[in-house]
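Subject: Structure handover, with notes on the ligand site

Dear colleague,

I am handing over the structure below, together with a description of what was found in it. Please read the notes with the structure open beside them.

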Amino acid sequence: MDLNTITDIVRPSGRDELPAWRQGDAFVGGGTWLFSEPQNKLTRLIDLSTLGWEPLRVSDQGLEIAATCTIAQLDGLAAPPSWIAAPLIGQCCRAFLASFKIWNVATVGGNLCMSLPAGPMISLTTALDGDLRLWAPDGGERRIAVADFVKGPLSNELRPGEIVRAIHLPRAALTRRTAFRQISLQKFGRSAALIIGTRDASGAFVLTVTASTPQPYQFRFDAPPSADDLTSQIDATIAGNWYDDIHGLPAWRRAMTLHFAREIRDELGDAP
Ligand SMILES: Cc1cc2nc3c(=O)[nH]c(=O)nc-3n(C[C@H](O)[C@H](O)[C@H](O)COP(=O)(O)OP(=O)(O)OC[C@H]3O[C@@H](n4cnc5c(N)ncnc54)[C@H](O)[C@@H]3O)c2cc1C
C-alpha cells in the first residue's frame, strides 16, 4: 500500500552514506511488512538493499547471511557436503506463509526484526546458534545471540537507529544432525509450533521451541534425556507462556510442542 506520510527515501550505497537517525525513520529490508499496513508514524525510509551486501558467505568459520539476503537466496545456498544441518535451511524457508512476492523479496534480517513467533528465520538461526552483528548509529558494532535478541511479537533488543548487518551461523552448528517438525492450522497457514532438535558428535542434544511461544526457548542436554524428563522440563520452563492468537490455541500449541519434542528425541536419540 502507499505510505503517504513518507516525505523522503534514502538509498545509501555505503555505511558512510547512512543519514543520522531521527524519529520517524525506518529501515527497509524487503518492505513486505512495511508496505502491508499503514505506518502513520513514519516520515522517512532508508533502503538497505542499495548497500550491496553479499547475501551469503561460506567460510571455514561457518555461514554469514547478510540481513538483506532474501528467503529465495538463502534457499538457494549450495552448502558444503559436511554441513549436514543444511536441509534445515530449506525446511525453515518453506515454513513461511509466503507468496511468490514474499519468497523473493522478504529478507532474513527483516524477518528477525519483526520478531513474530511464526518467524521461520528466527527458528532456523536460533536452532543453529546464530548470532547477529548489529551496526550502531554512532559507527560502532555489537553482537548478540538470536536467542537473546527476540523478546516477543514485534519486540526485540534492537536500539533506535541500529541496523542488523548480518547473521553468523557457526560451522559447529552446521555439522550437527537435525530434526524438524512444524504444524499450522491450515496447509499454508502461519506456523503454530515449529520445533527443531540438533545433536552433535559428542552426543549433546538441543531442542529449540518456536512459534508456539512468544519468543524462542532452548533446552540443552549433554545427551538426549528421557521423554518424560524432556517434556516436564519444557512444561516447567514455559509454564503459562504458550502463545495465543488466531493461528492456534495455547493448549493445542502445548500439546503439539510436547508431541514433537518426544518425536524429535526419538529421532535423534540413537547413537550420535
Ligand atoms: C501475506 C503475508 C504473510 C506473511 N507471513 C509471515 C510468516 O509466516 N512469518 C513471519 O514471520 N512473517 C510473515 N509476514 C511478515 C513479513 O512479511 C515477514 O516477517 C518478512 O520476513 C519481513 O521481512 P522484510 O525484509 O520484508 O521486512 P520489512 O517489511 O522491510 O521490515 C520489517 C521491519 O524490520 C525492520 N528492518 C528490516 N530490516 C532491518 C535491518 N536489517 N535492520 C534493522 N531493522 C530492519 C523494518 O524497519 C521494519 O520495522 C507476512 C507478511 C505478509 C504480508
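A polar contact is taken here as a pair of N or O atoms within 3.5 Å. With that cut-off in mind, and bearing in mind that this is a predicted model, a polar backbone atom of Trp-33 lies 2.9 Å from an oxygen atom of the ligand. A polar backbone atom of Leu-34 is likewise placed 2.9 Å from an oxygen atom of the ligand, while for Gly-29 a backbone N or O atom is found 2.8 Å from a ligand oxygen. The ligand on its own would expose 970 Å², of which the protein buries 87%.

As for the site itself, the space that the ligand takes is the largest pocket. Around the ligand there are 29 residues, and those that come nearest are Phe-27, Gly-30, Gly-31, Thr-32 and Thr-107. Sorted by class, this shell is made up of 18 nonpolar, nine polar and two charged residues.

Turning to secondary structure, at least two shell residues come from each of strand S2 (25–28), helix H4 (108–114) and strand S10 (163–170). Of the contributors, H4 gives the most, supplying four residues to the shell.

The domain assignment divides the chain into domain 1 (8–50), domain 2 (51–172) and domain 3 (176–268). Because domain 1 and domain 2 both give residues to the shell around the ligand, the ligand lies between them.

With best wishes

Methods
Residues numbered from 1 in each chain as written. Predicted model: local features only at pLDDT ≥ 70, side-chain atom pairs only at ≥ 80, totals over all residues. Heavy atoms only, no water. Near = heavy atom within 4 Å. Polar contact = N/O pair within 3.5 Å; in protein donor to acceptor, adjacent residues only side chain to side chain. Areas by Shrake-Rupley, 256 points an atom, 1.4 Å probe, with all protein chains shown as cover. 1 Å grid on protein atoms, 1.4 Å probe; cavity = no way out; pocket = protein on both sides within 12 Å on 5 of 7 lines; lining within 4 Å. Sits in = over half its atoms within 2 Å of the grid points. Nonpolar A, V, L, I, M, F, W, Y, C, P; charged D, E, K, R; others polar. Domains from an automatic or database assignment.
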